[in-house]
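Student: Hi! Could we go through the charged contacts in this one together?
Tutor: Happy to, let's have a look.

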Amino acid sequence: MLIGGILIHLDECVPESVGDIFRDRGHTVESVRMIVPKGTADSIIAAIGEQDAAVLVTVDKDFRSLAPRISKERRLYKRLGIISLRCPEPQAANRVKQKMDLIEYEYHRSQGLRDRRLMISIGPNFVWIER
C-alpha cells in the first residue's frame, strides 16, 4: 500500500466495484455522482479534480483530450490525473486489481516529477502509461 494514499474521483460511468478495489488498498475514493448531479459537464468534473489534485478514474475518452499531458496551448489542468479504463465494464474491477501495484508505483514515481499527474490507460490486454 502507498503511504498517504491516492485521492480517487470515480466517474459516474465507472462501476462502484472499481472504487472498492482502491478503498481496499487504503486510498480515498469520492464518487463523482455524490459530488455533482448526473450529467454534469466533463469540464466541471475535471475542474473539481484539478482543485483536489485527484486522479479521475473514467471510461469517458473525452477526458484524455480535455486534460492532455502535452498540449500546444497553455495547459489548463496541471494537477488532474486520469486512469482511463478501456476494458469492458465487467472486467474493470479485475483489471484494476491486477494492475494496482503498477498504479501505485506510477503514482509514487510521478510525485517526484515536475508534472505529477498520473496518466494511465488500462485495456483488456494492455496498460499504457503516459510519462
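**Salt bridges and exposure**

Tutor: Let's start with Arg 25, which is partly exposed at a relative accessible area of 25%. Buried means under 20% relative accessible area, exposed over 50%, and partly exposed in between (1.4 Å probe, protein chains only). This is a predicted model: local features need pLDDT of at least 70, side-chain atom pairs count only at pLDDT 80 or more, and totals for chains, interfaces and linings use all residues. Side-chain values use heavy atoms, leaving out hydrogens and water, and residues are numbered from 1 along each chain as its sequence is written.

Student: Which side chain meets Arg 25 in a salt bridge?
Tutor: That of Asp 101, at 2.8 Å, N to O. A salt bridge here is a side-chain nitrogen of Lys or Arg within 4 Å of a carboxyl oxygen of Asp or Glu.

Student: And is Asp 101 buried or exposed?
Tutor: Exposed, with a relative accessible area of 55%.

Student: How many salt bridges are there in the whole structure?
Tutor: A search finds 8. One of them joins the side chains of Glu 106 and Arg 131 at 2.4 Å, N to O.

Student: What about exposure for that pair?
Tutor: Glu 106 is buried, at 2% relative accessible area, whereas Arg 131 is exposed at 58%.

Student: Which residues do shared partners join into one network?
Tutor: Glu 16, Asp 20, Arg 23 and Arg 33. Within that group, the Asp 20 and Arg 23 side chains meet at 2.9 Å, N to O.
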